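Trainee: I have a model open and I'd like to learn how to read it. Could you walk me through it, feature by feature?

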Amino acid sequence: MLNSTSKHILHCALLFGLLIVFEIFCGGIKVTESAFVAIDPWEEYGTLLTIVLYLLRLLTFLTLPQVLFNFFGLVIYNAFPEKVVLKGSPLLAPFICIRIVTRGDYAELVKTNVLRNMNTCLDTGLENFLIEVVTDKPIGLPKHRRTREIVVPKEYKTKTGAMFKARALQYCLEDTVNVLNNNDWVVHLDEETLLTENSVRGIINFVLDGKHPFGQGLITYANENVVNWLTTLADSFRVSDDMGKLRLQFKMFHKPYFSWKGSYVVTQVRNLPDSDSVF
């Protein structure tokens, strides 16, 4: 059974191997004498077409910063981390609100996921938490001391005209709705997002550390029954983006230079915006 370090070394070897094969196939790395034969594009294609071709090739450099961040993020940091170890007692963690945003179209899915997430938190040892469901339509969430359903009124408007998820999240910050203190933390999730014990431990470590007011976690797919393999495989690109570009920008530079996701964002209440949300 391979450990995480061995898996990461194999992962890097495969990545470098694929890059070398791709470069040889595309002519970036020349291995035969015929590959060194050059043509004059100005004579071969004409002035106009040559200029167009060069401009198209130059456009590829626009993605270079993100490509480099993705590459170094996947290589520098272990892609197969071990089980997360708590750096402190969950009982000492500040209050954490797990805020789930939904339109309310799939009430049973939301209820099921709320129960699963609550049990995951309890199994991890987290006690000081609340799960809030912010919805456009009432879903009838069962009454529980650890859950709260917030229905956004149809007539509610933000002062900046925010819509959809931003509108719902802003409603939670209104003085008549908000029950959190400035030192509390909010974990923003989508209705289909499920927490794992490792993710909860990571959240606890992050809020106990308290060095940064914002955090972003890794989201994986195909953990449950796969409904459509094509769309699930397409989502795998988002996982590599999380493990590469997003991981490097947050862990090394502590800034979202390129982007971040709208789910699995951990934020201290005092740093939440009071108008249009970034979500």
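**Confidence, helices and rings**

Mentor: Let's begin with confidence, since this is a predicted model. Over residues 275-279 the pLDDT stays under 50, and for that stretch the model has 14 contacts beyond four places in sequence.

Trainee: How should I read those contacts?

Mentor: Where pLDDT is low, the predicted coordinates should not be read in detail. As for the chain, its average pLDDT is 89, and 96% of the residues score at least 70.

Trainee: Next, helices. How far apart are the end C-alpha atoms of helix α1, and what span should its 23 residues have?

Mentor: Count 1.5 Å a residue: helix α1, residues 4-26, should then span 33 Å, and its end C-alpha atoms are 33 Å apart, so the two agree.

Trainee: Which residues of α1 are buried?

Mentor: Ser4, His8 and Cys12 are buried there. The cover over the buried residues of α1 includes α4 (64-76). Take His8 as the worked case: its relative accessibility is 10%, and anything under 20% is called buried.

Trainee: Which residues is His8 in contact with, leaving aside neighbours within four places in sequence?

Mentor: His8 is in contact with Leu74, Val75, Ile76, Tyr77, Asn78, Ala79 and Phe80.

Trainee: How do the record's annotations fit in? Which residues does "transmembrane region" cover?

Mentor: In UniProt, an unreviewed entry gives that annotation to residues 12-31 and 51-77. You can then look at what the model does there. Residues 12-31 are 75% helix and 0% strand, with end C-alpha atoms 23 Å apart. Residues 51-77 are 81% helix and 0% strand, and there the end C-alpha atoms are 40 Å apart.

Trainee: And what about the domain annotation, which residues does that list?

Mentor: The unreviewed UniProt entry lists residues 185-270 for "domain: Glycosyltransferase 2-like". Over residues 185-270 the chain is 43% helix and 15% strand, and the end C-alpha atoms are 9 Å apart.

Trainee: Can we zoom in on one residue there? Is Val187 buried or exposed?

Mentor: Buried, with a relative accessible area of 1%. Val187 is found in strand β4, residues 185-190. Beyond its neighbours within four places in sequence, Val187 is in contact with Ile96, Cys97, Ile98, Arg99, Ile203, Tyr264, Val265 and Val266.

Trainee: Now the rings. What do I need to describe a pair?

Mentor: A pair of aromatic rings is described by the distance of the centres and the angle of the planes. How many does this one have? The structure holds 10 aromatic pairs. In one of them, Phe71 and Phe72, the ring centres are 5.3 Å apart and the planes sit at 80°; angles over 60 count as edge-to-face, so that is what this pair is.

Trainee: How accessible are Phe71 and Phe72?

Mentor: Phe71 is partly exposed at 22% relative accessible area, and Phe72 is partly exposed at 39%. Phe253 and Tyr257 make an edge-to-face pair too, with 5.6 Å centre to centre and 75° between the planes. Phe253 is partly exposed at 35%, as is Tyr257 at 48%.

Trainee: Which residues do ring pairs link into a cluster?

Mentor: Phe69, Phe253, Tyr257 and Phe258.

Trainee: And which residue lies over the face of Tyr77?

Mentor: That's Lys251, at 5.7 Å from the ring centre of Tyr77.

Conventions. Residues numbered from 1 in each chain as written. Predicted model: local features only at pLDDT ≥ 70, side-chain atom pairs only at ≥ 80, totals over all residues. Heavy atoms only, no water. UniProt positions renumbered as here; feature names shortened; annotations may be inferred. Helix = DSSP H or I, 4+ residues; strand = E, 2+ residues; numbered from the N terminus. Phe/Tyr/Trp six-rings, centres within 6.5 Å; stacked < 30°, edge-to-face > 60°. Buried < 20%, exposed > 50% of the residue type's maximum accessible area, 1.4 Å probe, protein only. Lys NZ or Arg CZ within 6 Å of the ring centre and 35° of its normal. pLDDT = per-residue confidence, 0-100. Contact = heavy atoms within 4.5 Å. Expected span 1.5 Å × (residues − 1).
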